[in-house]
Amino acid sequence: METSVSVASIARKIAVLGSGISGALCASTIAKTGISVTVFDSARGPGGRMSQRRETTGDGKELLFDHGAPFFSVSNCSEAFRLVCEWESRGLIAEWKEKFGSFDCITKTFTETEQEGSNKRYVGVPGMNSICRALCHQPGVESKFGVGVGRVDWLEEENTWRLTSSDGQNLGHFAGVVASDKNIVSSRFTSVTGRPPPLDLNLAPDLRNKVQDISVSPCFAVMLAFPQPLSWIPFKGFTVRNSKVLNWVHCDSSKPGRPTTSERWVLHSTAEYAETVIAKTGLKKPSDAVFTKVAEELLEELQNMGLNVPQPLFKKAHRWSFKTVKMLIQR
Ligand SMILES: Cc1cc2nc3c(=O)[nH]c(=O)nc-3n(C[C@H](O)[C@H](O)[C@H](O)COP(=O)(O)OP(=O)(O)OC[C@H]3O[C@@H](n4cnc5c(N)ncnc54)[C@H](O)[C@@H]3O)c2cc1C
């Protein structure tokens with residue numbers, strides 16, 4: 001009797017690996033059908049590449065940065081648009097109504113970016129992770145943060161998946177598993193951890209070939225805080241043209257629903273710059289000295305643009321070893 005109850009309950013349980021937008025949305029969609037979902041994420045909180053970073057200045061002042069995706073857009077006639085309208089009505093997102101442009105490092109001039117069609121730029125409120133946070137806490141979804149999944153095994157006799165954490169703890173048995181991060185099957189996992197990837201894709205050769213073909217771009221993000229607003233810079237977000245170092249710059253504190261007690265900017269490196277650094281340091285987490293050098297080099301590039309950018313009161317670099325799938329992103 002006890003066995004049949006537990007088998008029945010496993011049949012109604014799905015594990016989702018990753019609480020970024022794809023994992024969180026998947027978990028929420030499954031939970032709405034009445035199936036219970038457990039989300040696992042090795043990070044301390046939800047959001048993945050749409051997360052928000054909390055930092056403190058030397059004198060204890062809190063600083064919040066969207067150091068991953070700065071905003072998103074959606075086309076009006078898509079299924080995603082319906083979701084976006086719902087999130088906006090719930091106050092999870094808002095339109096970032098600022099002027100955006102591009103800066104050319106050769107001519108040292110700005111050009112305003114024309115808004116394509118009626119696409120708006122949306123941001124999570126109060127941080128980019130707001131959508132994932134809400135989806136991961138809706139009824140039917142249980143979320144476990146700070147839990148890296150180290151093994152995903154198919155148990156033929158029991159007809160279930162068994163999950164084991166990176167530190168060897170049994171995470172339970174599930175009828176289905178959704179993996180939202182390429183890391184779970186990629187050799188990159190082995191380069192970083194020295195262990196085999198959690199899911200053995202030799203069990204599904206077609207899928208293995210497709211996943212291995214996905215080529216990704218890395219990026220460094222540098223978070224800066226200034227004592228005064230840089231109000232003379234004409235755009236709150238701009239792409240950088242003809243720079244080998246900088247790709248994107250935005251004023252994070254200009255977004256709706258953010259604290260305005262400090263002036264916060266985020267810089268993104270080019271993929272080329274990040275690849276050069278990674279070629280020297282490898283895929284393991286860089287040392288503090290490397291992060292400091294990266295923060296200085298990106299800041300120096302910004303300061304060389306002739307925009308009168310003063311010394312910040314806070315600067316820190318973060319590495320995204322996987323920013324986007326190559327060639328998919330155009331701002
Ligand atoms: C700097 C930057 C700028 C970007 N700019 C844009 C943009 O302008 N426009 C745009 O459309 N997109 C942009 N992107 C890309 C966009 O952020 C991503 O495509 C999107 O957020 C990916 O969501 P995801 O859920 O697929 O993956 P992720 O957000 O990466 O989520 C995967 C999650 O899985 C977790 N995970 C991985 N392995 C394990 C494990 N073994 N156990 C447990 N958890 C695990 C990770 O911790 C992570 O939280 C940008 C990304 C970055 C980093």
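Over the ring of which residue does the charged end of R121 sit? In this predicted model, local features require pLDDT of at least 70 and side-chain atom pairs count only at pLDDT 80 or more, whereas totals for chains, interfaces and linings use all residues. Residues are numbered from 1 along each chain as its sequence is written, and side-chain values use heavy atoms, with hydrogens and water left out.

The charged end of R121 is placed over the ring of F100, 4.2 Å from the ring centre. A charge is taken to sit over a ring if NZ of Lys or CZ of Arg is within 6 Å of the ring centre and within 35 degrees of the ring normal. F100 also belongs to a cluster in which ring pairs link F71, W96, F100 and W248. A further charge is that of K13, which lies over the face of F174 at 5.0 Å from the ring centre.

Aromatic pairs were defined for rings of Phe, Tyr and Trp (its six-membered ring) with centres within 6.5 Å; planes under 30 degrees apart count as stacked, over 60 as edge-to-face and the rest as tilted. By this rule the count comes to 13 aromatic pairs. One of these, F65 with F314, is stacked, at 5.9 Å centre to centre and 20 degrees between the planes. This pair links distant parts of the chain, with F65 in strand 4 (residues 62-65) and F314 in strand 18 (residues 314-325), 249 residues apart. Helices (H or I, at least four residues) and strands (E, at least two) are DSSP runs, numbered from the N terminus. F65 counts as buried because its relative accessibility is 0%, and F314 is likewise buried at 10%; buried denotes under 20% relative accessible area, exposed over 50% and partly exposed in between (1.4 Å probe, protein chains only).

The rings of F220 and F291 form an edge-to-face pair, because their centres are 6.4 Å apart and their planes stand at 75 degrees. Here F220 in strand 14 (residues 216-226) is joined to F291 in helix 8 (residues 288-303), 71 residues away. F220 is buried at 0% relative accessibility, and F291 is buried with a relative accessible area of 14%.

Strand 10 (residues 149-155) and strand 11 (residues 160-165) pair in the antiparallel sense over 6 bridges, where pairing requires that DSSP find at least two bridges between two strands. They form a hairpin with 4 residues between them, and N159 in the turn has a positive phi of about 60 degrees. D153 has R162 of strand 11 as its bridge partner, and R162 is in turn bridged to H173 in strand 12.
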